[in-house]
Amino acid sequence: MTRQFLEVATRVHAEMEAPGTFFLCGETVENNTEAVIQTQKTGLFDYQSHTYSHVLFKCLWQVNEDGERLVRGGSVEQIAEEVDRANRVLKERLGVTVTGLTTPWGYYRGLGDRPDLLAILHGNGIRFVRSWMRNEKGWVPNPLELQP
């Protein structure tokens, strides 16, 4: 599926002459290195992190008409390893120095309430993060005025 997505995305971006950013999980890069390298050859894309294996940064509480659900986030130690490992994979496989990250799933109000996690990101060279992607009930999308 990843290879097919990359082929289609590359074709569409080339036809539209529109650059883009891929936020990649390190595990995905490991399993699809050659396909990602093919997208690099086009010069159309920037490559940033989506962690190594998609561990959530925070617990997520979702509420809707069917009830409530808790999805647990990783520990601080897991998150630190996820960020570091993804950065190493993108550097080793693609030659990319990561400066941005989009969090798995996203959260209501992003990571503004987690200076400990922001410090981990900063310590790993992350200078921009996209993390506020859910409304107050834990669902997407955010109101348009809050969209990145």
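This is a predicted model: local features need pLDDT of at least 70, side-chain atom pairs count only at pLDDT 80 or more; totals for chains, interfaces and linings use all residues.

Trainee: Which residues make the contact?
Mentor: On the α1 side they are Arg3, Leu6 and Thr10, and on the α3 side Ala35, Val36 and Thr39. Sorted by class, the contact has 3 nonpolar, 2 polar and 1 charged residues.

Trainee: New topic. How many disulfides are there?
Mentor: The search of the whole structure gives 0 disulfides. Cys25 is in none, and the nearest cysteine sulfur to its own belongs to Cys59, 19 Å away.

Trainee: On to the rings. How many aromatic pairs turn up?
Mentor: The whole structure has 4 aromatic pairs. One of them is Phe5 with Phe22: the ring centres are 5.9 Å apart and the planes are at 70°, so the pair is edge-to-face.

Trainee: Where do Phe5 and Phe22 lie?
Mentor: Phe5 is in helix α1 and Phe22 in strand β1, residues 20-24, so the pair ties together parts 17 residues apart in sequence. Phe22 is buried, with 8% relative accessible area, whereas Phe5 counts as partly exposed at 49%.

Trainee: What about Tyr108 and Trp132?
Mentor: Tyr108 and Trp132 also form an edge-to-face pair, with 6.3 Å centre to centre and 85° between the planes. Tyr108 is in strand β5 (residues 100-108) and Trp132 in strand β6 (residues 128-134), so this pair links parts of the chain 24 residues apart.

Trainee: How accessible are Tyr108 and Trp132?
Mentor: Tyr108 is partly exposed at 32% relative accessible area, and Trp132 is partly exposed at 31%.

Trainee: Which residues form the aromatic cluster?
Mentor: Phe5, Phe22, Phe45 and Tyr47 form one cluster.

Trainee: Now Ser49. Where is that residue, and is it buried or exposed?
Mentor: Ser49 lies in strand β2, residues 45-49. Ser49 is buried, with a relative accessible area of 0%.

Trainee: What does Ser49 contact beyond its sequence neighbours?
Mentor: Leaving aside residues within four places in sequence, Ser49 is in contact with Phe23, Leu24, Ala86, Asn87, Val98, Gly100, Leu101 and Thr102. As for Asn32, 17 residues away along the chain, its C-alpha atom is separated from that of Ser49 by 15 Å.

Trainee: Last topic, backbone angles. What is phi for Thr51 and for Arg109?
Mentor: Thr51 has phi near 75°, a positive value in a residue other than glycine. Arg109 is not a glycine either, and its phi is positive at about 65°.

Trainee: Where are Thr51 and Arg109?
Mentor: Thr51 is in the loop between β2 and β3 (60-64), and Arg109 is in the loop between β5 and α5 (115-123).

Trainee: Buried or exposed?
Mentor: Thr51 is buried, at 0% relative accessible area, while Arg109 is exposed, at 53%.

Notes. Residues are numbered from 1 along each chain as its sequence is written. Side-chain values use heavy atoms; hydrogens and water are left out. Contact means heavy atoms within 4.5 Å. Helices (H or I, at least four residues) and strands (E, at least two) are DSSP runs, numbered from the N terminus. Ala, Val, Leu, Ile, Met, Phe, Trp, Tyr, Cys and Pro count as nonpolar, Asp, Glu, Lys and Arg as charged, and the others, Gly among them, as polar. A disulfide is a pair of cysteine sulfur atoms within 2.5 Å. Rings of Phe, Tyr and Trp (its six-membered ring) pair if their centres lie within 6.5 Å; planes under 30 degrees apart count as stacked, over 60 as edge-to-face and the rest as tilted. Buried means under 20% relative accessible area, exposed over 50%, partly exposed in between (1.4 Å probe, protein chains only).
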